[in-house]
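Here is a quick tour of two spots worth a look. Keep the viewer open and follow along.

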Amino acid sequence: MQLKIVKGTRDFFGEKLLPFQFLEKKMHMLFQKYGFQEIRFPILEYQSLFAKAIGEETDIVGKEMYSFPDSNDDMIVLRPEGTASAVRLSIQNAVLKQNKTFRAYYTGPMFRKERPQKGRYRQFYQIGAEFFGEASPYADVEVISMLINYIEEIGLPDITLEVNSIGCGECRPAYQKKLQAFFTDKQDLLCEDCQRRLTTNPLRLLDCKKESCRALSAEAPKTYENLCQACFEHFDAVQAGLQAQGIQYELKATLVRGLDYYSRTVFEVTSNNLGSQSAVGGGGRFDYLFSVYGEKETPAVGFALGMDRLALLLDSQEGTPIDLFFINDDQLANLQLIKQARNSGFSALSSFEGNSIKSQMRQANKVKARFVIIQGERETQEQTLSIKNMETGEQTQIAVTAFAEWLEQWKQ
């Protein structure tokens, strides 16, 4: 028996879990303000779901999926991303037949068989959001606005938003021919993967992470200069919408995202604090994905954020602190006070082992308690409570009968 964790996976407990709880709490609070509802789908899906959506020539399908046959010899995979599953959920449950549009968000583990590195694991965690059924460029703006608002809410520093348009089925084929013509003369300078992409998927040449290929891509024809009129007007409206919202962004001609289902608007959020693997998350429009599964063409736009990388960028103090920590000689009375605090909407903890006040104060610091409520021997005799503000160090004393009033004042 191997009593150790699988390479590329992690256990979460204590301080390690706090940033993830913080990120999820902010996600639920903010996304619901934008009218998005939470969805949940299985970890296991059929391999064909992703092969059709993501593309056979992507690294995910070609190299990185965890796949295995089930008892019927159908190939099953551990889901590598969330968008295809969200589309499958939408189709299978006919959600767009009930409403014209569908705004959904999700979180949970995804799986890719790749080399673990800083902020990147084989079992990793994502936050995703999808907006189905709306073709307007302002749907793109709405989704990007929610993404940027979320990043502001969690207090992420040194972030850059990059945007691009990769065109549609009308204008992209001509652009791909331009790319092939540009790179064919430089084929010997391309990495082995890009030499294959030159004939199978020229757009992916711009997505290569090898420095030699990136240098060549910088001189390649620009995507946003080769758009049809409809795509140009769409992208122009997206930029106007971002500017109207006061959202700063950079145009990046080599941004294509790594998945084949994207069209028109694509965007990415990067951080200056993650080294070479700087992407925190991103997304774009994928109007053709529903038709890949035999459904009618349905406009859609969404994004995904890597929670592991977000957690790296957050200070440890960003976890959810405990409101009140109780230190009490009389444990029965202590239980009543804790119940009163929780019933009033506060998080509350206590040590029941009767350790010294000094030891219990250390515990209060570990759980980042905002206030410590002390009822020692003197307070018990006087029927009072000593309340210490752990941020300022200020300590006050109130009557036990005034505790409910104190809770109400602090809540306000």
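## A covered strand

Strand β15 (residues 384–389) is mostly tucked away, with five of its six residues buried, where buried means under 20% relative accessible area with a 1.4 Å probe and protein chains only. Strands here are DSSP E runs of at least two residues, helices are H or I runs of at least four, and both are numbered from the N terminus.

Bear in mind that this is a predicted model: local features need pLDDT of at least 70, side-chain atom pairs count only at pLDDT 80 or more, and totals for chains, interfaces and linings use all residues. Residues are numbered from 1 along each chain as its sequence is written, and side-chain values use heavy atoms, leaving out hydrogens and water.

## Its partners

Strand β14 (residues 371–375) runs antiparallel to β15, joined by four bridges; two strands pair if DSSP finds at least two bridges between them. On the other pairing, β15 and strand β16 (residues 395–399) are antiparallel over five bridges.

K388 in β15 stands opposite V372 and has Q395 in β16 as a bridge partner. β15 and β16 make a hairpin with five residues between them, and G393 in the turn has a positive phi of about 85°.

Now for helix α1 (residues 18–33) and helix α6 (residues 137–153): their axes come within 10 Å and cross at roughly 135°. That makes α1 oblique to α6, since angles under 35 degrees count as roughly parallel, over 145 as roughly antiparallel, 65 to 115 as roughly perpendicular and the rest as oblique. Axes are lines fitted to C-alpha atoms, for helices over the stretch in contact, and angles run from 0 to 180 degrees between N-to-C directions.

In α1, F22, L23, K26, M27, L30 and F31 meet M146, N149, Y150 and E153 in α6, with contact meaning heavy atoms within 4.5 Å.

Key:
Buried < 20%, exposed > 50% of the residue type's maximum accessible area, 1.4 Å probe, protein only.
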